[in-house]
Amino acid sequence: MADRFQALSRRLQDHAPNSTQIVGFLTLLVSGAILLLLTGVTITGIVMGLIFLAPILLLTSPIWVPIAFVLFVLVAGFLSTCGVGVAALAGATWMYKYFTGRHPVGSDRVDYARSRIADTASHVKDYAREYGGYLQSRVKDAAPGA
């Protein structure tokens, strides 16, 4: 029985944490407790502030709501105007580089699309020429005097 107890004791000592692990665990425990305390204080402060400031906010809301709406519209308009301006400037810069032959990013795809459109237009023109001649001969057959 004593032999089994010594084996169990030896196993526990082999798996026991060393001092570095214990200090790390205690540090984690203390910092977690401090953060939990700070979270509680913050939430309590927010709730108390809402309790005391809600009546003032409610009474002055006819002033704040239109001001907030106007500010939102102004900021949104300004930011969208700036965004459109940046996009236009980027597009103009890309087109300048493309037309001066500097080959910006994506110019190979534009050239490929342009050649595909030209090829398709050529095929459509040839098909229309063939099909148009066919239709003219059919019209002459339907109305020989026309």
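1. Fold pattern. Along the sequence, the chain runs α-α-α. That makes three helices and zero strands. Both are DSSP runs, numbered from the N terminus: helices are H or I with at least four residues, strands are E with at least two.

2. Basis of the model. This is a predicted model, in which local features need pLDDT of at least 70 and side-chain atom pairs count only at pLDDT 80 or more, while totals for chains, interfaces and linings use all residues. Residues are numbered from 1 along each chain as its sequence is written, and side-chain values use heavy atoms, with hydrogens and water left out.

3. Overall shape. Along the principal axes, the C-alpha atoms fill a box of roughly 125 × 70 × 45 Å.

4. Burial and surface. Of the 146 residues, 2% are buried. Buried means under 20% relative accessible area, exposed means over 50%, and partly exposed lies in between (1.4 Å probe, protein chains only). The chain exposes about 13,200 Å², and carbon and sulfur atoms supply 73% of that area. Areas come from the Shrake-Rupley method with a 1.4 Å probe; for residues, only the protein chains shown count as cover.

5. Nonpolar patch. Ten names need checking here: Leu57, Ile63, Trp64, Ile67, Phe69, Val70, Leu71, Phe72, Val73 and Leu74 make a nonpolar surface patch of about 1,100 Å². Patch residues have over 30% relative accessible area and no salt bridge; nonpolar side chains (Val, Leu, Ile, Met, Phe, Trp, Tyr) are joined within 5 Å, like charges within 9 Å. Val73 sits in helix α2 (residues 19-99). Val73 is partly exposed, at 44% relative accessible area.

6. Salt bridges. How many salt bridges does a search of the whole structure find? The search finds two. Each needs a side-chain nitrogen of Lys or Arg within 4 Å of a carboxyl oxygen of Asp or Glu. Asp111 meets Arg114 at 2.9 Å, N to O. These two are three residues apart in helix α3 (residues 107-142), about one helical turn. Asp111 is partly exposed at 27%, and Arg114 is exposed at 51%.

7. The other pair. Asp126 and Arg129 form a salt bridge at 3.9 Å, N to O. Both lie in helix α3, three residues apart. Asp126 is partly exposed at 33%; Arg129 is exposed at 57%.
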